[in-house]
Amino acid sequence: MVYYFDPTYWLVIIGAVLCLLAQARVSSTFQKYSKVRSRSGMTGAQAAQRILELSGIYDVRVERISGNLTDHYDPSSKVLRLSDSTYDSTSVAAIGVAAHECGHALQHHKGYAPLQFRTALVPIANIGSQLGLPMVVLGFVLGLSPVFIQIGIWVFAIAVLFQIVTLPVEYNASGRALDMLGSYGLMGNDEVGSCRKVLNAAALTYVAAAAASILQLLRLIALFGGGNSRRRR
């Protein structure tokens with residue numbers, strides 16, 4: 001049995017290219033503005049702590065986490081984790097990233113509905129991303145019931161939904177971050193503009209990831225949506 005190149009592979013290839021381009025864009029943009037020192041002289045950690053205090057948020061801890069651009073806010077434990085490239089850096093890029101994570105903390109503090117929905121989706125989305133595709137592949141290879149494959153597609157679709165819901169959450173956090181940096185007087189207009197470029201580049205990675213997931217889902221539907229596996233001899 002020989003498997004030939006299926007035209008739907010182009011959907012996967014396009015998704016992969018989009019992700020690579022977005023990652024290259026955020027890396028180059030972050031590197032550029034990581035060399036520009038903020039006039040305030042604050043580190044990413046100091047900026048985050050200051051923003052939280054000015055926003056009336058006193059129950060969120062700021063911690064360091066290893067890695068590069070691994071920054072994130074954990075709503076379950078109310079911890080804002082800043083990566084090595086952000087925590088001690090005084091660059092415009094680092095402060096922008098730190099402010100973005102504070103934007104997530106503010107979303108949580110204000111009860112922002114899309115964030116609550118995304119947080120609720122996390123457990124089942126993790127299952128979808130880990131089991132969806134394997135279920136489809138296993139069902140195809142072993143010749144299992146089409147229903148099994150259909151379930152795999154639906155499970156994967158939940159992971160795709162998570163990617164889609166992530167988009168407004170991330171863009172809203174960036175908008176809040178830029179507003180706080182300006183209104184709290186932590187940065188001048190020109191520096192806020194530089195932060196905007198960093199955060200916009202970072203947002204493209206989420207757009208690309210969502211697009212890649214949607215294209216993969218469309219491929220699965222095209223191949224198995226009707227319950228028929230397309231195997232070519």
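The fold contains an open sheet of 3 strands, in the order E1-E3-E2 and with mixed pairing, where two strands are taken to pair if DSSP finds at least two bridges between them. Helices (H or I, at least four residues) and strands (E, at least two) are DSSP runs, numbered from the N terminus. Strand E1 (61-65) and strand E2 (72-74) are the edge strands, each pairing on one side only. From one strand to the next, the twist averages 30°. The structure is a predicted model, in which local features need pLDDT of at least 70 and side-chain atom pairs count only at pLDDT 80 or more, while totals for chains, interfaces and linings use all residues. Residues are numbered from 1 along each chain as its sequence is written, and side-chain values use heavy atoms, with hydrogens and water left out.

Strands of a sheet pair through backbone hydrogen bonds, either parallel or antiparallel. E2 and strand E3 (residues 79-83) pair in the antiparallel sense, over 3 bridges. His 72 has Arg 81 in E3 as its bridge partner.

Two helices lie across the sheet strands. Helix H2 (residues 44-54) lies across E1 and E3 and runs at about 155° to E3. Helix H4 (residues 92-110) lies across E2 and E3, running at about 25° to E2. Axes are lines fitted to C-alpha atoms, for helices over the stretch in contact, and angles run from 0 to 180 degrees between N-to-C directions; contact means heavy atoms within 4.5 Å.

The loop between H2 and E1 holds Ser 55. Apart from neighbours within four places in sequence, Ser 55 is in contact with Leu 106, Met 180 and Tyr 184. The C-alpha atoms of Ser 55 and Ala 105 are separated by 9.8 Å, although these residues are 50 apart along the chain.

The largest pocket is lined by 26 residues, of which Asp 71, His 72, Glu 101, Glu 170 and Tyr 206 lie nearest its centre. On a 1 Å grid over the protein atoms alone, a pocket is an open set of points where a 1.4 Å probe fits, with protein on both sides within 12 Å along at least five of seven lines; lining residues have an atom within 4 Å of a point. H7 supplies the largest share of the lining, 6 residues.
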